[in-house]
Amino acid sequence: MLDEFHPLLREWFQSRSWVPTAPQIEGWPLIRAGYDVLISAPTGSGKTLAAFSICLDELLKRASSGDLPDETLVVYVSPLKALTNDVRKNLEIPLGEVLELAQARGEIFMRPIRSATRTGDTTMVERARMLRTPPHVLVTTPESLFILMTAERSRALFRNVSTVIVDEIHAMAADKRGSHLALTLARLDHLVQSNGGRKPQRIGLSATVRPLEEVGRFLSPDAKIVDVGSRRDMALAVEVPSDELGPVASTEMWSEIYDRVADHIRAHRTTLVFVGTRRMSERVAFALTERLGEGIVMPHHGSLAKERRFEAETRLKNGELRAVVATASLELGIDIGTIDLVVQLGSPRSIAVALQRIGRSGHWVGARPQGRLYATTR
């Protein structure tokens, strides 16, 4: 599987005792052949690496030959700010380690491969720096990509883009956000082709998506589909309060639920609690802090200040928090460390969302997700 990769990338894989996963085995030949590809596979199965590794291989080969221009060649689009920050960090780790290998082998001629993030959280200083020194890999959201494609100076960044990776495509395909992204990608195609280039290759990634063929057509009319399946062995249980369920959960019932969730948090190293609203996220985090003490639980939702969201994500990854109470802000494929248990309070409103959220636990190859779903009303 690794014979066609750049020697440095091949050595990096081997140094990690890497074993190829199904999305990589089936996806790499199609991506390398230049097809538009949609990869649907369970959470934690190596989809993102399947998409990024071919792009990174191409960048390494061009850097080694002195043919790496100062322009953006790969665009990664994800629906969440938290996911873009996470992906960039996970991209920079192999980049840094490959660069260390290059220096150890005396390949000092290799130009550095740069990555950058552009979201609503990006500061003006970082935005200006990105325009002065274009990143080779840009990690962004659909809305930020639209803005970049609209302003004349930033649009010039994308004249020679070769690959677009659309992650968590199922979260956008069915609504206005997906229509908006489709328009932006069509504009990107037009820009590249007007500059004499070939239409950028599109790679879509999703853990839970049906109907697969329709989402494949949304990505590209000619997309090849890699379907590894969405079934995964999980340990699930439905928890019901001792009082009879009614149309609304009583104060006493919520108190019992908080006590039980606090017991789960004590029994596990890290727990991710999902709720339906931002207000609920704050309320549950407060109730659990009363039971567990300060510095153990934090809320996470889209209305939080950027610094607070980053703090919750970082402390969770570093093992400094025992639990985070989140809305949909953490349900997608963010690498949030070794989550042992996912708790869903109330209905997730769809089976796909439930699988996506519970898949946040055991988010690594071979792990078994653990989930508890709390019924709060009839």
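Reader: Which residue in strand 4 does Arg 118 stand opposite?
Author: Arg 118 stands opposite Thr 140 in strand 4. Strands (E, at least two residues) and helices (H or I, at least four residues) are DSSP runs, numbered from the N terminus.

Reader: How does the chain cross from strand 3 to strand 4?
Author: The chain passes through helix 5, residues 124-132, and this β-α-β crossover is right-handed. Right-handed means that, with the strands pointing away from the viewer, the path from the first strand over the helix to the second runs clockwise.

Reader: Before we go on, what kind of model is this, and what counts in it?
Author: This is a predicted model, in which local features need pLDDT of at least 70 and side-chain atom pairs count only at pLDDT 80 or more, while totals for chains, interfaces and linings use all residues. Residues are numbered from 1 along each chain as its sequence is written, and side-chain values use heavy atoms, with hydrogens and water left out.

Reader: How many bridges pair strand 3 with strand 4, and in which sense?
Author: Strand 3 and strand 4 pair over 4 bridges, in the parallel sense. Two strands count as paired if DSSP finds at least two bridges between them.

Reader: What about strand 2 and strand 4?
Author: Strand 2 and strand 4 run parallel and are joined by 4 bridges. Val 77 stands opposite Thr 140 of strand 4.

Reader: What is the strand order of the sheet with 7 strands?
Author: The order is 3-4-2-5-6-1-7 in an open sheet with parallel pairing. Strand 3 (115-118) and strand 7 (224-227) each have a single partner strand, so one side of each is left without a neighbour in the sheet. Neighbouring strands are turned by 15° against each other on average, direction ignored; such angles, from 0 to 180 degrees, are taken between the N-to-C directions of lines fitted to C-alpha atoms, for helices over the stretch in contact.

Reader: And how is strand 1 joined to strand 7?
Author: Strand 1, residues 37-40, runs parallel to strand 7 and is joined to it by 4 bridges. Val 37 has Lys 224 of strand 7 as its bridge partner.

Reader: Which strands does helix 6 touch?
Author: Helix 6 (residues 142-150) packs on the sheet and touches strand 2 (74-77), strand 3 and strand 4 (137-140). The direction of helix 6 makes about 125° with that of strand 4. Contact means heavy atoms within 4.5 Å.
Author: Helix 10 (residues 212-219) also packs on the sheet, touching strand 1, strand 5 (163-166), strand 6 (201-206) and strand 7. The direction of helix 10 makes about 140° with that of strand 1.

Reader: Are the residues of strand 4 that point each way buried or exposed?
Author: Val 137 and Val 139 point one way, Leu 138 and Thr 140 the other way, and all are buried. Buried means under 20% relative accessible area, exposed over 50%, and partly exposed in between (1.4 Å probe, protein chains only).

Reader: New topic: which residues touch the most other members of the largest nonpolar core?
Author: Leu 9, Trp 28, Phe 52, Val 74, Ile 113 and Ile 165 do, out of 37 residues in that core. A nonpolar core is a set of buried Ala, Val, Leu, Ile, Met, Phe, Trp, Tyr and Cys residues joined through side-chain atoms within 4.5 Å. The largest share, 9 residues, comes from helix 3.
Author: A second, separate core has 26 residues, including Leu 138, Leu 181, Leu 185 and Leu 219.

Reader: How many aromatic pairs does the structure hold?
Author: The structure holds 8 aromatic pairs. Rings of Phe, Tyr and Trp (its six-membered ring) pair if their centres lie within 6.5 Å; planes under 30 degrees apart count as stacked, over 60 as edge-to-face and the rest as tilted.
Author: Trp 12 and Phe 13 form an edge-to-face pair, 5.2 Å centre to centre with 65° between the planes. Trp 12 is buried, with a relative accessible area of 8%, and Phe 13 counts as buried at 2%.

Reader: What sort of pair do Trp 254 and Tyr 258 form?
Author: Trp 254 and Tyr 258 are stacked, at 5.6 Å centre to centre and 25° between the planes. Both are buried. They lie 4 residues apart in helix 11 (residues 251-267), so about one helical turn separates them.
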